[in-house]
Amino acid sequence: MALKVAVGFYLIYTVIKLEHSILLNMKLQRTTSPFISVKSSLIHGRGVFAKKNVPKGTKIIEYVGKKITKKQAEELVTISINRHKKDKTVGAVYIFELNKKYDIDGDVPYNTARLINHSCDPNCEVENIRGKIWIIALKDIARGEEIFYNYGYDYEDFEDHPCRCKTNRCVGYIMAEEHWPKLKK
Ligand SMILES: C[S@@+](CC[C@H](N)C(=O)[O-])C[C@H]1O[C@@H](n2cnc3c(N)ncnc32)[C@H](O)[C@@H]1O
Ligand SMILES: [Zn+2]
C-alpha cells in the first residue's frame, strides 16, 4: 500500500515537472518568422537566411530581448566588449535603444534575430517602430540569401572587429558607415 502511494506521488510529481518544463520552453521558444531560417553561415557561425523571396520594406523579424535601463546597458556593453576581446567567437554587443529610458538586451537564447550577421553592404536595416525593434528589408531579397544589417559599431577599438562580409563595399571592419571616411585617413 505504502509503495502504491509513493509511486502515485512520484507520477504526479513527474507530470507536474514535465508540464512546468513545457511551459518554460514555450516562454523561451525561439522567435520565428515566415521569412527566415537559421543555417550555418560562410561569414561566421550561424546566420539567418531568407526562406522565401522577401519584398523591400518587409518587417522580417522582431529583435527581442530583456528590457534594461540605460545604466544596465552601459555596464553590459563594457562586460560584453571585454568578453569579446578575450573570445572572438562570442558576439560583442546585442543592445538596441528602445526609448529614452530603456534599451533591449538581445543576448537571450529566444532572440533569433541575434544570429543575423553584419555586412558592409547589408540587405536589411534595424528600425524602431513604435517601441519595437524590427529587422526591415532594405531591398528585395531572394530566397536563399543571407540576411544582414550593418551593426553600426563605433570607430573606437575598430581593429577588434574585423569584417569578413566579402562584399565589394567591405571596409574590412564592422563599423557604422558614418565612420568609414576616417579609415581612409
Ligand atoms: C550577433 S553575433 C551573429 C551571429 C553569429 N554568427 C553566431 O553564430 O553567433 C555577432 C558576432 O558574429 C560575428 N560576425 C558577424 N558578422 C560578421 C562579419 N561580417 N565578419 C566577421 N564576423 C562577423 C562577430 O564575431 C560578431 O561579434
Ligand atoms: Zn565587410
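Author: With 13 C-beta neighbours inside 10 Å, Asp157 counts as partly exposed. This is a predicted model, where local features need pLDDT of at least 70, side-chain atom pairs count only at pLDDT 80 or more, and totals for chains, interfaces and linings use all residues. Residues are numbered from 1 along each chain as its sequence is written, while chains are lettered from A and ligands numbered from 1 in the order in which they are written.

Reader: Thanks! Where is Asp157, and what is its phi?

Author: Asp157 lies in the loop between strand E10 (148-149) and helix H3 (180-184). Here helices (H or I, at least four residues) and strands (E, at least two) are DSSP runs, numbered from the N terminus. Most residues other than glycine have a negative phi. Asp157 is not a glycine, yet its phi is positive, at about 55°.

Reader: Is Lys166 buried or exposed?

Author: Happy to take that one. Lys166 is in the loop between E10 and H3, with a positive phi near 60°. A residue is buried if 20 or more other C-beta atoms lie within 10 Å of its own, exposed if 12 or fewer, and partly exposed in between, with C-beta atoms placed from the backbone. Because 11 other C-beta atoms lie within 10 Å, Lys166 is exposed.

Reader: Which residues is Val171 in contact with, leaving aside its neighbours within four places in sequence?

Author: Val171 is in the loop between E10 and H3. Two residues are in contact if their C-beta atoms, placed from the backbone, lie within 7 Å. Leaving aside neighbours within four places in sequence, the contacts of Val171 are Cys120, Cys163, Trp180 and Leu183.
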